[in-house]
Amino acid sequence: MTIDLILFLILSLVAIAAALGMLFSRNPVYSALFLVLNFITVAVFYLLLGAPFIAMSQITVYAGAIMVLFLFVIMLLGAESLVPLPSALPWQKPLAFFLAVILAVESTYLILSSAQTGVITAPDIAVNSMENLREMAMTLFNDFLLPFEVTSILLLVAMVGAIVLTNREKAGQK
Amino acid sequence: MVKVDYYIILSAVLFTIGALGVLIRRNPLIIFMSIELMLNAGNLAFVAFSSVYKSFSGQIFVFFVIAVAAAEVAVGLALIVEIFKTKKNINIDEMNSLKG
């Protein structure tokens, strides 16, 4: 048992427990906070895998911006006090659990049967240097320039779409 | 020394939990969070392979996935707010007509 493996096991337990907590909380606010915990553990995994820039983007964009938006909408709608209605399909829950167990077992089996030989060692200190970030930026702006520009258009469309959707009744009154 | 398999199995488990959340919860906000969890599980697999093969392409793909997730959440939450304004409820079973 190396220190890497111990750290990995503890963090994966926290990640899975946070995901289950998100799934089974009655209150959506608790779900959102459990999901923040899960995102932060995944960010620590990214640091262990030697991707510091992605780890920081994960914390700022996911745990920061997206989850704040979620909490804002939950509190705006007062969704934490809504009573859950009886489900229209009573057989759906057991069937969903059954299918999820099948999915987990077969994906684990397939991953283990086609065992990858790769081993992840702890990143050395040079990974967190500026040189590494510069290299990643060179790849992003040379090899992936077109996807980068398309992403900017996508974000613009999403921004305009969100404004148009929430502003519809004012347009209808004219 | 952690084998890359462990990371991929963790990613598969998180993905399964997210898929289960989409199936069993009736609150569209929780369903959205489960979708975020599934995207995150995919990202973890991308970064694990990127670390094994010493290539930046996986990390850059994760960067794009994060941007797409942000766009998706902005539009999706706007839709949920709009549905709540008309129906005064956000149960997923009642969202069965395209006409508001």
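Take the contacts in chain B between residues at least 6 apart in sequence: 42% of them join residues at least 24 apart. Here two residues are in contact if their C-beta atoms, placed from the backbone, lie within 7 Å. This is a predicted model, where local features need pLDDT of at least 70, side-chain atom pairs count only at pLDDT 80 or more, and totals for chains, interfaces and linings use all residues. Residues are numbered from 1 along each chain as its sequence is written, and chains are lettered from A and ligands numbered from 1 in the order in which they are written.

**Chain B by itself**
- Chain B has three helices and one strand, running β-α-α-α from the N terminus on; helices (H or I, at least four residues) and strands (E, at least two) are DSSP runs, numbered from the N terminus.
- Its C-alpha atoms fill a box of roughly 55 × 25 × 15 Å, taken along the principal axes.
- Of the 100 residues in chain B, 47% are buried (20 or more other C-beta atoms within 10 Å of a residue's own, with C-beta atoms placed from the backbone).

**Where the chains touch**
- On chain A, 72 residues are in contact with 58 residues of chain B.
- The top contributor on the chain A side is α3(A), with twelve residues.

**A strand pair across the chains**
- β1(A) and β1 of chain B (residues 2–3) pair in the antiparallel sense over two bridges; strands count as paired if DSSP finds at least two bridges between them.
- V119(A) has K3(B) as its bridge partner in β1(B).

Notes. A residue is buried if 20 or more other C-beta atoms lie within 10 Å of its own, exposed if 12 or fewer, and partly exposed in between; C-beta atoms are placed from the backbone.
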